[in-house]
Amino acid sequence: MFGEYNIGLFPVVIVKLKGSIQDEEDFNLFINNWESLYHYESDFMMIFDTSEIGIPNIKYCYKIATFIKSLKNKNPQYLKRCIIIVKNDIISNLLHLTFNLQSPIAPVYLTKEKLTEIYLNFNMNELLEMEEEGIKRKINIDKVIIPWKF
């Protein structure tokens, strides 16, 4: 499975991305699991760990951008922020391409920190409510991508 969702710390959701998307079924499972988080009807944040991801087919940048647009159009804005662990320049460039196609739903913080460092530096119960400056004081943030305001 490409995306392993851990909701045990909800409202913080950890998504470990491993390997590559195998086929459309694998991709659909990934986005269906993401979309199911909205059924809680509660604010949440996501931490994506891409440290074990393979190089995806570029078509999935477009598919993720389309999915993000659909989330914006049909779901309340429960997603409050994302932290994406990115250690690979190719993955970083694909993320930037995706967010150029479609702005994110919530602020996105890109970092090279290890997931274990994030666990050690934060009280997960407080992470959702923490201000941006508080996050930046605890982990090294390489870039912040703010959704466009319409």
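The lining of the largest cavity comprises 24 nonpolar residues, three polar residues and no charged ones; here Ala, Val, Leu, Ile, Met, Phe, Trp, Tyr, Cys and Pro count as nonpolar, Asp, Glu, Lys and Arg as charged, and the others, Gly among them, as polar. The structure is a predicted model, in which local features need pLDDT of at least 70 and side-chain atom pairs count only at pLDDT 80 or more, while totals for chains, interfaces and linings use all residues. Residues are numbered from 1 along each chain as its sequence is written, and side-chain values use heavy atoms, with hydrogens and water left out.

The count comes to one cavity of 30 Å³ or more, and the space in the largest cavity is about 430 Å³. A cavity is a set of points on a 1 Å grid over the protein atoms alone where a 1.4 Å probe fits but cannot get out, and lining residues have an atom within 4 Å of a point. Grid points are joined across faces, edges and corners, and the volume is the space filled by probe spheres set on the points. Of the 27 lining residues, Leu17, Phe30, Ile64, Leu95 and Thr98 lie nearest the centre of the largest cavity. At least two lining residues each come from α1 (24-36), β3 (44-53), α2 (59-74), β4 (79-85) and α3 (89-101); α3 gives the largest share, five residues. Helices (H or I, at least four residues) and strands (E, at least two) are DSSP runs, numbered from the N terminus.

The helix pairs compare as follows.

| Pair | Angle between axes | Distance between axes |
|---|---|---|
| α2 and α3 | about 45 degrees | 9 Å |
| α1 and α2 | roughly 30 degrees | within 12 Å |

Axes are lines fitted to C-alpha atoms, for helices over the stretch in contact, and angles run from 0 to 180 degrees between N-to-C directions.

In the contact of α2 with α3 (heavy atoms within 4.5 Å), Cys61, Tyr62, Ile64, Ala65 and Ile68 of α2 meet Leu94, Leu97, Thr98, Phe99 and Leu101 of α3. These residues divide into nine nonpolar, one polar and no charged. For α1 and α2, the residues in contact include Phe30 and Trp34 of α1 and Ile64 and Phe67 of α2. By class, this contact has nine nonpolar, no polar and five charged residues.

Two loops hold backbone features. A cis peptide bond, with omega about 25 degrees, joins phenylalanine 10 and proline 11, and proline 11 lies in the loop between β1 (3-9) and β2 (12-19). Glutamate 41, in the loop between α1 and β3, has a positive phi near 50 degrees.

Definitions and conventions: On a 1 Å grid over the protein atoms alone, a cavity is a set of points where a 1.4 Å probe fits but cannot get out, and a pocket is an open set with protein on both sides within 12 Å along at least five of seven lines; lining residues have an atom within 4 Å of a point.
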